[in-house]
Amino acid sequence: MKRQMHLGLFILGTGSHVAGWRYPGAVDSFQDFPAIQQIGRTAERGKFDLIFMGDNLYADAAAHPSYTLRLEPLTMLAALATSTSHIGLGATVSTTYSDPFTVARVFASLDHISNGRAAWNAVTTANPATAANFGITHPDHARRYEMAGEFLDVVKGLWDGWADDAIVADRMSGLYIDPVKLRSIDHDGAFFKVKGPLNIGRSPQGHPIVLQAGGSEAGQQLRIAEEPPAGLWTQTGGRHGAAGRHADRWSHRQGSVREARRAAELRQRQQRARHALRTLRAGHVGV
Ligand SMILES: Cc1cc2nc3c(=O)[nH]c(=O)nc-3n(C[C@H](O)[C@H](O)[C@H](O)COP(=O)(O)O)c2cc1C
């Protein structure tokens, strides 16, 4: 059987080594976007499956220069999406120090801009120094993972709030959005209260890929819960109930040949991105 290697590139602008920037001619700042762009294009040409941007939310002048000085990853990936055509684009966003509506929105946006290449590394943020930038006390490990579970449910619920065919844009009738194909989530949980729906239509992947790299038991459990279904999600419902609320049953079924082909292509891409992340997680970082 032919074996294939999956490659993910963990970009740190100044290189993995803390003193990499001192090498003559080396990139000396993670803020150097033209350099990042060149690295991204080279990775794509070199058959990499994924470019991955980690993130932290505080600055420490004594730390690795690419941890202390960095562009915001989603902004950087949106720009990279227009300079590349098929490589996966992954970034870290914290579930402890973000809000789910914004995260659902930015990853759906990146998925649209990149035509289905967005991946979110959902981290719970281990470093307590972060808390001082958000005016809160750093939640303990168990609480961070409880928050992460609810956070992910909300984000996925928001992504699912738009049926594939919710945007009608019929010039003759003047119907732009079919209101029954758009639903609120009315989430009221322990940590988040979010009505929805999201103000962005369903993205090419439906759900951008969710990566999770926590090594603890709680992290691994969250990862297992995030394993994707092997197929295409389509809506079967329509209206139901006296209030005419949008059906919340989404069934897992085979779509048309075109949809199935598209889904298979997306699954392949997602699988390659996951393989690449596992490689990074196992410490086999070769670039
Ligand atoms: C490949 C990889 C990339 C990671 N990237 C980030 C990151 O960008 N930001 C971050 O705060 N943590 C990052 N982490 C840390 C973890 O996701 C997680 O927060 C940490 O391992 C603590 O969680 P745990 O107690 O479940 O192990 C990364 C871990 C791995 C293995």
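User: What order do the five strands of the open sheet have?
Analyst: The order is 1-2-3-4-7, with parallel pairing. Two strands pair if DSSP finds at least two bridges between them. Strands here are DSSP runs of E with at least two residues, helices are runs of H or I with at least four, and both are numbered from the N terminus.

User: Which ones are the edge strands?
Analyst: Strand 1 (8-10) and strand 7, and each pairs on one side only.

User: Before I go on, what kind of model is this?
Analyst: It's a predicted model: local features need pLDDT of at least 70, side-chain atom pairs count only at pLDDT 80 or more, and totals for chains, interfaces and linings use all residues. Residues are numbered from 1 along each chain as its sequence is written.

User: OK, how many bridges join strand 3 to strand 4?
Analyst: Six, between strand 3 (residues 88-94) and strand 4, and the two run parallel. Gly 90 stands opposite Ala 119, and Ala 91 has Trp 120 as its bridge partner.

User: Why is strand 4 described as largely enclosed?
Analyst: Because six of its six residues are buried. Buried means 20 or more other C-beta atoms within 10 Å of the residue's own, exposed means 12 or fewer, and partly exposed is in between, with C-beta atoms placed from the backbone.

User: What do its buried residues pack against?
Analyst: Several elements, including helix 4 (100-113), strand 4 and helix 6. Contact means C-beta atoms, placed from the backbone, within 7 Å. Among the buried residues of helix 5 are Arg 144, Phe 151 and Trp 159.

User: Last topic: how many residues surround the ligand?
Analyst: There are 18, and the closest are Gly 54, Thr 92, Gly 214, Ser 216 and Gly 219. To count, a residue's C-beta atom, placed from the backbone, lies within 6 Å of the molecule.

User: Which elements supply at least two residues each?
Analyst: Strand 4 (118-123), helix 6 (217-225) and helix 7 (257-281).

Notes:
Two residues are in contact if their C-beta atoms, placed from the backbone, lie within 7 Å.
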